[in-house]
Amino acid sequence: MLETSARLLRLLSLLHSRTELSGAELAERLRVSARTVRYDIGKLRTLGYPVHATPGPLGGYRLGAGAKLPPLLLDEEEAVAVALSLRTAAGGTVAGIAESSARALTKLEQVLPDRLRRRVAALHGYTVVVSPGGPAAPVVPAGTLSTVAGACRDHQRLRFDYRTHGGAATVREVEPYRLVSTGRRWYLVAFDLARDDWRTFRLDRIEPRVPLGPRFSPRQAPPDDLVPRGVDAALQQWRAEVTVHAPAPVIIARVPAAIRVEPLDEARCVVQAGADSPHQLALHILALDADFEVDGPPELLSELATISARAAGRRPER
């Protein structure tokens, strides 16, 4: 009985690992006869696992989706990776996922062998996750995440109530393209039908309207730089257009790819800078390590004057 049970688990593992396997391949892997493979397949079906068979010389067996969840069969590296992922998700930014992740992690650790349990505990105990500064990351309802992801997958139009940064309420209708996670926030990249252009939306400000809209034919993918630049623009509350006295290639090498740098001539360029506060924005501009000109906003000019006074040993004027 023990040998048969072990063989059934091995058979399930093989069916998980490949889209389809022939009877001969399964017999060779399990070191049994083709007749025993057919018997074991029948046993799995009796237990509720939907194993589908394709007849013919090129046919084989595959595990279909069903009501019963097969046993979780992981090798050592997979088990450690899943445990670490669950621990990270337990402190995530999706509402309802943290508690579920913690419960799943507890169940997984209970069935891990002692050796792997110690390995996972060491990784957890000697790893520090440093949270970025600033306000706490907004939480996205799990239902919103699932609805929007499903609309992206199924190419269905999405209508939703949206709150802008200033708090204004609008209704948008879009053709969703991709979800983007920065670690602190989630974003939707979509084609805005009313504006006839690609846009980026913060997911925590979206309230989907159901049912979803009609299906659409996917458009040509947006430019490669749309997602990072769109997310960068949505992330930053304070922005400035800075004329920098340095060649564009020099500045491009000093800034992240999401920062837009446009050449004016061979010796100057324009940088679209952004940050969460005027002080951070001033520091980002100074980090360009080049002479610059900027006309505003007033809060940025005030911060630059304060930094200049401190660097000169003067008391900043307030």
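Cys269 is buried, with a relative accessible area of 0%, where buried means under 20% relative accessible area, exposed over 50%, and partly exposed in between, using a 1.4 Å probe and protein chains only. Another cysteine, Cys152, is also buried, with a relative accessible area of 12%. A disulfide is a covalent bond between the sulfur atoms of two cysteines. When the whole structure is searched for disulfides, counted as pairs of cysteine sulfur atoms within 2.5 Å, zero are found.

This is a predicted model, in which local features need pLDDT of at least 70 and side-chain atom pairs count only at pLDDT 80 or more, while totals for chains, interfaces and linings use all residues. Residues are numbered from 1 along each chain as its sequence is written, and side-chain values use heavy atoms, with hydrogens and water left out.

Of the 318 residues of the protein, 34% count as buried. The protein has eleven helices and 13 strands; these are DSSP runs numbered from the N terminus, with helices (H or I) of at least four residues and strands (E) of at least two.

Helix 7 covers residues 142–154, and its 13 residues should span 18 Å at 1.5 Å a residue, which agrees with its end C-alpha atoms being 18 Å apart; the expected span is 1.5 Å times one less than the number of residues. The buried residues of helix 7 include Thr144, Leu145, Val148 and Cys152. After helix 7 comes His155, which has a positive phi, near 55 degrees.

Several strands pair, which requires that DSSP finds at least two bridges between them.

| Strands | Sense | Bridges |
|---|---|---|
| Strand 5 (residues 158–163) and strand 6 (residues 169–181) | antiparallel | six bridges |
| Strand 6 and strand 7 (residues 186–192) | antiparallel | seven bridges |
| Strand 10 (residues 238–244) and strand 13 | antiparallel | two bridges |

Within these pairs, Tyr162 stands opposite Thr170 in strand 6, Glu175 stands opposite Phe191 in strand 7, and Val244 has Phe292 in strand 13 as its bridge partner.

An open sheet of four strands, paired in the antiparallel sense, has the order 11-12-10-13. Strand 11 (260–263) and strand 13 (292–293) stand at its edges, each with a single partner strand, so one side of each is left without a neighbour in the sheet. Helix 10 (residues 278–286) lies across strand 10, strand 12 (269–275) and strand 13, and runs at about 145 degrees to strand 12; such angles run from 0 to 180 degrees between N-to-C directions, and the axes are lines fitted to C-alpha atoms, for helices over the stretch in contact, where contact means heavy atoms within 4.5 Å.
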